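Here are some questions and answers for a reader who is meeting this structure for the first time.

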Amino acid sequence: MFIGREAEANAKFAGIEKRYNELKELVSHVEKRPVVFSGEIRGGNWYAVGARASWPSFSGMPMPTTS
């Protein structure tokens with residue numbers, strides 16, 4: 001935990017943010033991107049994350065449209 005260590009926490013976050021942005025820039029020109037499925041297996045069944053879950057919007061994935 002970083003209680004009382006805000007400067008250290010900010011430095012670690014800044015390093016992670018910098019690397020994330022470097023990687024994001026590196027792949028910004030890629031036109032064909034793979035589809036990634038997320039979920040878990042329980043009792044032999046695959047449970048996928050719902051289309052309206054918060055992580056797809058956070059990750060920049062387009063939300064599916066309904067007809």
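Q: What is the accessible surface of the protein, and what percentage of it belongs to carbon and sulfur atoms?
A: This is a predicted model, in which local features need pLDDT of at least 70 and side-chain atom pairs count only at pLDDT 80 or more, while totals for chains, interfaces and linings use all residues. Residues are numbered from 1 along each chain as its sequence is written, and side-chain values use heavy atoms, with hydrogens and water left out. By the Shrake-Rupley method with a 1.4 Å probe, the accessible surface comes to about 6,500 Å², and the part belonging to carbon and sulfur atoms is 61%.

Q: In what order do the elements of the protein run from the N terminus on?
A: Helices (H or I, at least four residues) and strands (E, at least two) are DSSP runs, numbered from the N terminus. The protein has two helices and two strands, and their order is α-β-β-α.

Q: Which residue in strand 2 is the bridge partner of Arg 42?
A: Strand 1 and strand 2 (residues 45–48) pair in the antiparallel sense over four bridges, where pairing requires that DSSP finds at least two bridges between two strands. Within strand 2, the partner of Arg 42 is Asn 45.

Q: Does Val 30 count as buried, partly exposed or exposed, and why?
A: Val 30 lies in the loop between helix 1 (6–26) and strand 1 (39–42). Buried means under 20% relative accessible area and exposed over 50%, with partly exposed in between (1.4 Å probe, protein chains only). Because its relative accessibility is 31%, Val 30 counts as partly exposed.
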